[in-house]
Amino acid sequence: MKRYFTNRLLLFVPTLMGSLTLVFFLIHFIPGDPVEVMLGETASSVDKEALRQELGLNQPLGIQYIRFFSALLQGDLGRSLYEQGTVAELILSRFPATMELTLAAMGIALFVAFPLGILAAVKKNSLMDRIALLFSLLGLAMPNFWLGPLLMIIFSIELGWLPVSGREGLAHLILPSFTLGMLMASILIRMVRSSLLETIHEDYIQTARAKGLSEWRVWLKHALGNSLLSVITIVGLQFGALLAGSIITETIFAWPGIGRLTIQAIQTRDYPLVQGCVLVISTSYLVVNFLTDILYHLADPRVSYGP
Amino acid sequence: MKFKPFFLLVFAWVWVSLAGCLPSPRPDRPAGYLVIALESNPTHLDPRYATDANSVRIGGLIFNALTHTDQHARLQPELAERWEAVDERTYLFHLKKGVTFHDGKPLTAADVKFTYESVLEPRNRSPKRATLRLLKAVDAIGPYQVRFRLSAPYAPFLENSTLGIVPTGTPSRGASGENSLIGSGPFSLEQFSPGEKVVLKANPSYWGGQPGLSGLVFKMIPDAIVRSLEFKKGTVDFIQNDIEPDNLIWFKKNTNASILTQQGTIFQYLGMNLDHPILKILEVRQAIAYAIDREAIIRHLLKGLATPATGLLSPSHWAYERSVPYLPYDPEEAKRLLDHAGFPDPDGDGPLPRFKLSYKTTTLDLRRRIAEAFKEQLSRVGIELEVRTYEWGTFYGDIQKGNFHLYSLSWVGITDPDIYFNLFHSSSIVPYGNNRGRYRNPEIDRLLERGRNSLSPEERKQIYSRVQKILAVELPTIPLWWAKNVVLMKRNIEGFVPFPDGDLISLKNVSIASPLPPS
């Protein structure tokens, strides 16, 4: 298993290089010029050319690519072309906000999905089951850009319980994380319910019942524990979706995270900042996938990772 | 199985407890601060680097310049008591005495010299360097006199005297963050969190008198609906222009909100590629101008928040020329001109067009709706318009390369009429300037060269009057409308005077009268 994890860790490098290479060429191929943004419309063509030369943007793309990777290997992500500060500083100042939002959204999704999913499975075809499935359907059907303002109108404007937007304190986190976590919760409710219903007919569950265990113990310990594998898979995959979805949620809720920074960087053709943001998002995604593999093993020790 | 309601109770209890444990939200502002919502992030508050509108407007509250422009785009004294043109290449500015920076140090000619020289220094990569390219030297003559020497006569140079002054030794871009910027304006910088907010604190020893507010909070809220909701909740007090026309209707009946509208200077135009075999024909351009119902678009899509434009300079500008031809909506005249230009409609009212053109625009909702209106209006005279929407960077990249048939953009912050040189002189054809439509007219070239070399305001007014008349006939671009400035603010805010260019400087005179009742 140790070898398996070492191999997985080593795979990080080519995966990251692949995603960075792809983004490097894509962002350079689309039209738009960072020098126009930096110097403004009044700048002369001589000044623009001089700056292009200074930044190395007039060099062949292959050379720029090699320069970017050699700087990266030395831990230098470069300076933002448009925002103030280095790429590393900018990302460090924004990444905690995104992680806070993503983790809170994940927490809410798990907190909502597990009880509702379990109740729906235990009370299959009951009113509770229908309510849980309806909730899940609504969550899947409502896009973030619609759900966010709806929650604001109800909880901030009409009821006055929560702030509308921004990132000032814990109360500011509730609406954006619920908006972001709703989709994941909806998927998870259905996953938990169906996994439990599949597992509950296994022979070992009948054995557990025959041993005289209480019904809740059978469901929560024996059935739920063994149906966790598929749920963990979905949670791992959905984490990436949460990071991507946070771009919209961050814009709606004026949340100063990396999603908004990425959008701004793409709009201003801030090449180093786009690369930096992609590096961080890809790394987060890989780390979560890695953790998912470890969780597989913890949830079900039978899962093998080769010799 | 036996269902235990206990489980549900525990679940409900956890949720209720969590909600109860939440800390009550912190007050959203310090006492006496005004909260202003902005759509986009100011990128650089340092006046040597500030180019976007929000950076320039906030910077104007932190820094003073030698002069500032008034509501007619005329220069008025600020740090300079007065100035004079010693000859056509030399300007002398006399500074006010007793002006201090926020840290208490006096502002002198050495600081002015430092600011301009740091813009000129190529290593500092200031976007404003290009506008100072004719500045040969800045001399501090004693503590309160500054001399600017130019390498050639250049009347628009004086416009550069609106550059904010920073203290000697202020690091250039990148050397440090902008949280420690010091100016001499009515407000000092308290906090700059990019992407989040800018907080300014009143400068009690401001030479022009202490501001009426304790401070200002500029909150970045990218979404238009959310900005309106924040205003409705009372957590935002003031929004200027960053409000969608559709959302403004919500507040018309709100007793706690007041809405100010005023003629603005933002000029929206339809750009055309004059190298295109069809668009280079004047009658076609005139036909397009006749075919577009600007008033209908303003009424229905812009909710009346604009006025039809006759040219680049708005009526409030000192060089504005009133008597230029204006082509009103007249589809029949458009059809006649197209017939005459050799583009008859192949099947009358049938589906076949006279010709096809493409129109590039951005993905913004309002821009797309305007594009659809153009498409419909032009189809009525037999022109088929293919609307292509692009993400901003791609769109702007194409426009700057001159890669388009038709597009629409706006010009913001027009001060000196020398902007015509950048937009219509043949030497400014892209990529050398912003003559994106590749317009060439030797008479315009001569006039624009004279306009930038003449120091006489009367002569310049005459020159630009002639320029405006020629452009209104030749239509290298079709003027669409001047956007109105819209200010949505709480009714208890007193003393705000809107500027046509959206300048926020009058916030220094604003005060809050009394708390409002809940709306």
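In this predicted model, the side chains of B:Glu391 and A:Arg269 meet in a salt bridge, with N and O 2.9 Å apart. This link crosses from one chain to the other, and two salt bridges are counted between chain A and chain B. Seven residue pairs, both members at pLDDT 80 or more, are in polar contact between chain A and chain B.

On the side of chain A that touches chain B, the elements giving two or more residues are helix 2 (34–39), helix 3 (45–55), helix 5 (87–122), helix 7, helix 8 (170–199), helix 10 (215–252) and helix 11 (258–267) of chain A. The residues of this side divide into 28 nonpolar, twelve polar and 14 charged.

The extent of the interface can be described in two ways. In terms of residues, 54 of chain A are in contact with 59 of chain B. The size of an interface is often given as the accessible area lost when the parts come together. Between chain A and chain B the buried area is about 5,000 Å², and carbon and sulfur atoms give 61% of it.

One part of the interface may be examined in detail. Helix 7 (residues 144–158) of chain A packs against helix 4 (residues 224–233) of chain B at an angle of about 5°, and the two axes are 11 Å apart. Angles under 35 degrees count as roughly parallel, and helix 7 of chain A is therefore roughly parallel to helix 4 of chain B. From helix 7 of chain A, the contact is made by A:Pro149, A:Met152, A:Ile153, A:Ser156 and A:Ile157. From helix 4 of chain B, the partners are B:Ile225, B:Val226, B:Leu229, B:Lys232 and B:Lys233. The residues of this contact comprise seven nonpolar, one polar and two charged.

Over all chains, a search of the whole structure finds 28 salt bridges. One of them joins B:Asp139 to B:Arg149. B:Asp139 lies in strand 6 (residues 135–140) of chain B and B:Arg149 in strand 7 (residues 145–150) of chain B, so the pair ties together parts that are ten residues apart in sequence. The two named salt bridges are listed below.

| Salt bridge | N to O distance |
|---|---|
| B:Glu391 and A:Arg269 | 2.9 Å |
| B:Asp139 and B:Arg149 | 2.9 Å |

Chain A itself contains twelve helices and zero strands. Its C-alpha trace spans about 85 × 60 × 30 Å along the principal axes of chain A.

Finally, two details of the backbone deserve attention. Most residues other than glycine have a negative phi, and most peptide bonds are trans. A:Asn125, although not a glycine, has a positive phi of about 70°. A:Asn125 is found in the loop between helix 5 and helix 6 (127–141) of chain A. In chain B, the peptide bond from B:Val430 to B:Pro431 is cis, with omega near 10°. B:Pro431 lies in the loop between helix 11 (419–424) and helix 12 (442–453) of chain B.

Conventions:
Residues numbered from 1 in each chain as written. Chains lettered and ligands numbered in written order. Heavy atoms only, no water. Axes fitted to C-alpha atoms, helices over the stretch in contact; angles between N-to-C directions. Helix = DSSP H or I, 4+ residues; strand = E, 2+ residues; numbered from the N terminus. Parallel < 35°, antiparallel > 145°, perpendicular 65-115°, else oblique. Contact = heavy atoms within 4.5 Å. Nonpolar A, V, L, I, M, F, W, Y, C, P; charged D, E, K, R; others polar. Buried area = accessible area lost by both parts, 1.4 Å probe. Salt bridge = Lys/Arg side-chain N within 4 Å of Asp/Glu carboxyl O. Polar contact = N/O pair within 3.5 Å; in protein donor to acceptor, adjacent residues only side chain to side chain.
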